[in-house]
2 protein chains.
Amino acid sequence: MNFKRFLPILQWAPQYGRSQAASDLVAALIVTVMLIPQSLAYALLAGLPAQVGLYASILPLVIYAVFGTSRTLSVGPVAVASLMTAAALAPLAAAGSPEYVAGAVLLAIMSGLMLTMMGILRLGFLANFLSHPVISGFITASGIVIAASQLKHIFGVQASGQNLLTIGQSLILSIGDTNIPTLAIGAGALLFLMFARKQLKPLLIRSGVGARSADIITKTAPILAVLVTTLVAWQLGLGAQGVRLVGSVPSGLPELTIPSLDSGLWQQLAVSAFLISVVGFVESVSVGQTLAAKRRQRIDPDQELIGLGTANLGAGFSGGMPVTGGFSRSVVNFDAGAETPAAGAYTAVGIALATLFLTPAIAYLPQATLAATIIVAVATLVDFPALGRTWRYSRTDFGAMLATIILTLAHSVEAGIIAGVALSIGLFLYRTSRPHSAVVGLVPGTEHFRNVLRHDVELCPKVTFLRVDESLYFANARFLEETVMDLAICEPELKDLVLVCPAVNLVDASALESLEAINERLKDAGVRLHLSEVKGPVMDRLKNTELLSHLGGQVFLSTFEAWQTLTGHRKPLEKTA
Amino acid sequence: MNFKRFLPILQWAPQYGRSQAASDLVAALIVTVMLIPQSLAYALLAGLPAQVGLYASILPLVIYAVFGTSRTLSVGPVAVASLMTAAALAPLAAAGSPEYVAGAVLLAIMSGLMLTMMGILRLGFLANFLSHPVISGFITASGIVIAASQLKHIFGVQASGQNLLTIGQSLILSIGDTNIPTLAIGAGALLFLMFARKQLKPLLIRSGVGARSADIITKTAPILAVLVTTLVAWQLGLGAQGVRLVGSVPSGLPELTIPSLDSGLWQQLAVSAFLISVVGFVESVSVGQTLAAKRRQRIDPDQELIGLGTANLGAGFSGGMPVTGGFSRSVVNFDAGAETPAAGAYTAVGIALATLFLTPAIAYLPQATLAATIIVAVATLVDFPALGRTWRYSRTDFGAMLATIILTLAHSVEAGIIAGVALSIGLFLYRTSRPHSAVVGLVPGTEHFRNVLRHDVELCPKVTFLRVDESLYFANARFLEETVMDLAICEPELKDLVLVCPAVNLVDASALESLEAINERLKDAGVRLHLSEVKGPVMDRLKNTELLSHLGGQVFLSTFEAWQTLTGHRKPLEKTA
């Protein structure tokens, strides 16, 4: 049983049949065609040699098929993780240098270890700290930074930078060196891919192709761009005219790679590896859950951590880069009919064959083409309407989102995501630190108590009833103290104060001490503190504390009982108005 | 009006009369006698020359009398802030060196600026992030570290270290160099002060002295120890026998001090200044609130920030060290009958006179005596029973407390407090990230819905009612998705799912997106999502969103209405059992 939890392959492999194999093979073929240019492009984006992208698309896919719980998730290099890899490695070494490649391998290994450990310890909830607006803002801003970082390849110039400001500055300074043949290839590929994305699909549908097939054909446009520009570059000898090509790629399968054991390097990369892990996991799980739900399947987030973690370990030990579940590829895999994770394993075979036999051709592939595929791919990540939606719905969420976007664009991806998380948590704590509370009075003729500000209710000057609509914990403990003491001071005649607690789901140790302090201070001021409608589980805990033995007043089961006892009215008041 | 908020002195000075002045003067006299040894001792603890402690007890008290809202808080150097000052400055310069003193001045200025800004921006809620168990653990551990750090003065040896491990190691290595006259003075003072604290008060009470006077006399014991040991040291020429004395202290009032403008230094000290500010503020406010409540007065925490902030600015510009409201001194001030903050201003005059005329005598004061007063004072900070109480009440709070204590003892005060805060927040988010939820069914013969696991209720296989007992926000958005989708997958016949929301006080943007995702995924799975009992303010917000227009089902005012509509039973079911 536990075996099946940790090895999800046992849940489907025993019943694996011919019809499933057929579906999986078709999906794998389409995904392979899509993944070849993507893995080359994302290696370029991460500043790594092209083969690293291919290596990261072989072993990890096989491992995920064994340990992953999503039936259709397509694991491999993705845009945002590649940008984060580049950002993490930039301070360490020159892009493409052996130290840089070793850094990417180490990032994959560390990310793998972190994810696997988090899965074993069931720490998947850590991903909850990334609120949706922060994730959305982060991905939008990352998309913009990624697109900007690829413009140098389109123009064929040297430029660098980790954020929009430095990239932009660097581009402006070097734009005079634009290489015309490169620009022709790059702009051509860009226009073709944009056409394919925007116009090709409706065109195909109008020509009678089914919507789903049209979609899949459209998504394979990048391979066409790659084929055509590679041929052109080879035929016209564009390499000699200053067009930067991918260049010679070692042919053959990846070999076992031993990661660096330099503890200084591990420390330097720890935060980056953690952020790559968490961001990748969140993206992966939301894609996986969306697709699984369409077939009433489910994924197990804690096991997903293990699936992605082992996949990253596989990536690292086979000389690859950090991987995660990609959105567009997974959708294509799903739409193309993949039924089991075996489709991923077949895709791995496809990429392995490409690594064995296609590398001589890849040497002629212009980098501008890859840059164009990246720009078109990340354009879908940028979601400006989300800013408006969030603004209209919640200003606090919008604040966290905007801070994430601005810091990601103007400083770095890591600063952006950390600020977003800190701000989300801070704003949430701020919101709950000033909970809604109301002085309530008796609705005449009933046993109900309502807010005195909104309803016409009976009051008693010597007894105040205060209802708090939030769990009591450290962030609002002080607020509670202030609210209660202000009430006690404003009503000099006050003799009894009843805290009405039906909405209090939790009283933590800080709030307990605050209640004890409130009780003592009220005693000093000659006021008795009472509690009413305390929930069962909260009462169970309070029973063992000194609060109840030192309580100036009593604990009432119902607020009405407190009213009867404290005001001396034994019966509900008659309606007077 | 606003004037009175920012200048609380206007609230009491206009009515200030002779009887108040008499009370305030008596209290000031007693507090002065207590504050002289304390300010010298805490300067020693912070590694600063003795006069710095005196300077910090003059101008800040006058300023707090103008800007503070507590009538009885006694501001000045305190133990924990002095320890934190020492910890912050240790990496910067040798204790007592001009750079070190300049660092203390800068810490006071920065802390003053931070507190004042927080007050103006009404950021007092930031102090809420320090949960009570974390504060309590931190103060206990700080007390232990402080006491340990003073042992070297009792033994008259050289030792150093910022935590219990390094201090202990350093002490053990140097214990062979113990100076016997120093030990005699130190141990003598320690025993006398312990006697005064434990036995003198009951003795005085038995001799017919009133309880309150006995308490105050007891609290002035340190000045007696100071007088006697100073005389002994002077008469016997102990300085020549290796007893370390306070030494010559410049006589005269403090002069205007210009803080360093070195931006590197500001950056280095920023975190420490912030921590000293927040810890000091929390201590101060809780003392102030406790005392104010006894007289049905109130303090304004945001104005307290301004009061403490300006007091610290005063401390810095007059060559002092960070100050805050001290617990024991404030209690003495209160018990001695202080009625207005003028008592603090009179105390400042007392300390100023001491600075002018007593410094020649202070030169003969043994450091061992001051160390003894520190050890006895911080002994009251150590609260081990709080560990047991917290353990019994809440394991999560205990975890945060223990981590704070261990890190403070074994690493540093800053690591301790930061870990405690991070852990408190993390544990709270974890608790709310898995809220209580229940599938509910109709109680036969009523319109009430209860948990199916606890009550004998009616169910309908095609309709599930899920009640969530927590606000929906980013930390539990994913949990909600998983809970709902698991329900949908486990019940293959399910056609309708009703989310019962009476306990949902908030739906943030993340939870909104989760609800939208749940809605879409349920649609894909052939299930309609309904909502019931959505609270007014939550509904107001949801009205402007796409969730409601795309909702597969409906929004019902009551869960019973949903039951009638979806199950086709138009009337309450008759009780069958």
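Predicted model: local features only at pLDDT ≥ 70, side-chain atom pairs only at ≥ 80, totals over all residues.
Q: How far apart are the end C-alpha atoms of residues 453-566 of chain A, and what share of the span is helix?
A: Those end C-alpha atoms are 22 Å apart, and the span is 46% helix and 16% strand, where helices (H or I, at least four residues) and strands (E, at least two) are DSSP runs numbered from the N terminus. Residues are numbered from 1 along each chain as its sequence is written, and chains are lettered from A and ligands numbered from 1 in the order in which they are written.

Q: Which UniProt annotation covers that stretch of chain A?
A: The unreviewed UniProt entry annotates residues 453-566 of chain A as "domain: STAS", bearing in mind that such annotations may be inferred rather than shown by experiment.

Q: Now some helix packing: at what angle do α6 and α8 of chain B cross?
A: The axes of α6(B) (residues 79-89) and α8(B) (residues 132-155) come within 10 Å and cross at roughly 70°, axes being lines fitted to C-alpha atoms over the stretch in contact, with angles from 0 to 180 degrees between N-to-C directions. The two helices are therefore roughly perpendicular, given that under 35 degrees counts as roughly parallel, over 145 as roughly antiparallel, 65 to 115 as roughly perpendicular and the rest as oblique.

Q: Which residues make the contact?
A: On α6(B) they are A79(B), V80(B), L83(B) and M84(B), and on α8(B) they are F138(B), S142(B), V145(B) and I146(B). By class, 7 are nonpolar, 1 is polar and none is charged, with Ala, Val, Leu, Ile, Met, Phe, Trp, Tyr, Cys and Pro as nonpolar, Asp, Glu, Lys and Arg as charged, and the others, Gly among them, as polar.

Q: At what angle do α8(B) and α9 of chain B cross?
A: The axes of α8(B) and α9(B) (residues 164-174) come within 10 Å and cross at roughly 20°, so α8(B) is roughly parallel to α9(B). Residues of α8(B) including V145(B) and K152(B) meet L164(B), I167(B) and L171(B) of α9(B).

Q: Over in chain A, how do α3 and α16 cross?
A: Helix α3(A) (residues 18-45) and helix α16(A) (residues 342-357) have axes that come within 8 Å and cross at roughly 45°, and are therefore oblique to each other. Their contact has 11 nonpolar, 3 polar and 1 charged residues.

Terms used. Heavy atoms only, no water. Contact = heavy atoms within 4.5 Å.
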